[in-house]
Amino acid sequence: MAAELTAQQVLRTWLLTILGERGGSVPTARALTEMERRYGKLLSEEDQSLTRRGDESKWWNRTRFERKDMERAKLLVPASESRGVWTLTEAGWEEYRKIERAEEVEVALPVPIQPVGKESPSRAEVTTQRVVRSTAVADYVKQIHDYICQICGTRLITPKGAYAEAAHIRALGQPHFGPDVAANVLCLCPNHHVLFDFGALVISDILIVTDQRSGASLGRLREAPGHEMGRDFLTYHRMCNARVVEPQV
Ligand SMILES: [Zn+2]
């Protein structure tokens, strides 16, 4: 099981999201229950374990620590004034809007030259928030692997040509906010894309693919020159999916 703690920045994003969606303020106890309800399944075992004092989970302790940091950064009204209600300041609202902001962008680069991508992919307002993905990044990764699945080696041929899918390791949307760059993308067949997205498969830093349901190794991820996969993203994916699969009885 993963021993990683959820990054403070991620906790901050979650907290800002909850505060923004709840009209700018929530009582402390409500912040705790909302965080658990919305993001509990993303917490690692390490997050859920108790602090040394043993009176609260590490993730909640770190969230409260983050709240103080946000107060120092003037994103939240000081606790002394808000009397147990966590409240966004105007600057806090601005941070929340940055998370929600929708920006349409045009992306079209068909040639397989590694594109820069976007560290913070823009979001477009539809009925819900939808991430505008860079087709250039997806096309680059698929082309450099010649549409061969990095897990099983399958190359699907359709009447319209070879077909593969670009799978983001750290998802783009809320609450993950992964970057839309080649290092955060795998070239996979549709089956392995689904299994990877749902956390049935995880990938180690040395690129060994493991089926979490059986514990079996599926071998090493296929690599291609010019496509370095970000180990931080793989770690994040493992962390998010460490608890998805219940132990078999
Ligand atoms: Zn495959």
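The angle between H1 and H4 is about 75°, and their axes are 9 Å apart. Keep in mind as you explore that this is a predicted model.

Which residues make the contact? From H1 come Gln8, Leu11, Arg12, Leu15 and Leu16, while H4 brings Trp59, Arg62, Thr63, Phe65, Glu66, Arg67, Asp69 and Met70. Sorted by class, the contact of H1 with H4 holds six nonpolar, two polar and five charged residues.

On the H1 side, look for Leu11, Trp14, Leu15, Thr17, Ile18 and Glu21; they meet Glu34, Met35, Arg38 and Tyr39 in H2. The residues of this contact of H1 with H2 divide into six nonpolar, one polar and three charged.

## The nonpolar cores

Now let's look inside. The largest nonpolar core has 24 residues, and those with the most contacts inside it are Trp14, Leu15, Leu19, Met35, Tyr39, Met70 and Trp86. Four helices each supply at least two residues of this core: H1 (8–21), H2 (28–39), H4 (58–72) and H9 (231–241). H1 gives the most, with seven residues.

Setting aside residues up to four places away in sequence, Leu15 touches Met35, Thr63, Arg67, Met70 and Trp86. There is also a second, separate core of 17 residues, which includes Val181, Leu201, Val209 and Met229.

Start with Val10, which lies in helix H1. Is Val10 buried or exposed? Val10 has a relative accessible area of 8%, and buried means under 20%, so Val10 is buried. Not counting residues up to four places away in sequence, Val10 touches Arg170 and Tyr236. Val10 and Phe177 are 167 residues apart in sequence, yet their C-alpha atoms are 8.9 Å apart in space.

Next, find Asn241 in helix H9. With a relative accessibility of 8%, Asn241 counts as buried, because the cut-off is under 20%. Which residues is Asn241 in contact with, leaving aside neighbours within four places in sequence? The list is Asp197, Phe198, Gly199, Val202 and Gln212.

## The chain as a whole

Finally, step back and view the whole chain. The chain has nine helices and eleven strands. Of its 249 residues, 45% are buried.

How many of the contacts between residues at least 6 apart in sequence join residues at least 24 apart? In this chain, 60% of those contacts do. The pair Val10 and Phe177, 167 residues apart in sequence and 8.9 Å apart in space from C-alpha to C-alpha, is one to look up when you want to see how the chain folds back on itself.

Methods: Residues are numbered from 1 along each chain as its sequence is written. This is a predicted model: local features need pLDDT of at least 70, side-chain atom pairs count only at pLDDT 80 or more; totals for chains, interfaces and linings use all residues. Side-chain values use heavy atoms; hydrogens and water are left out. A nonpolar core is a set of buried Ala, Val, Leu, Ile, Met, Phe, Trp, Tyr and Cys residues joined through side-chain atoms within 4.5 Å. Buried means under 20% relative accessible area, exposed over 50%, partly exposed in between (1.4 Å probe, protein chains only). Contact means heavy atoms within 4.5 Å. Ala, Val, Leu, Ile, Met, Phe, Trp, Tyr, Cys and Pro count as nonpolar, Asp, Glu, Lys and Arg as charged, and the others, Gly among them, as polar. Axes are lines fitted to C-alpha atoms, for helices over the stretch in contact, and angles run from 0 to 180 degrees between N-to-C directions.
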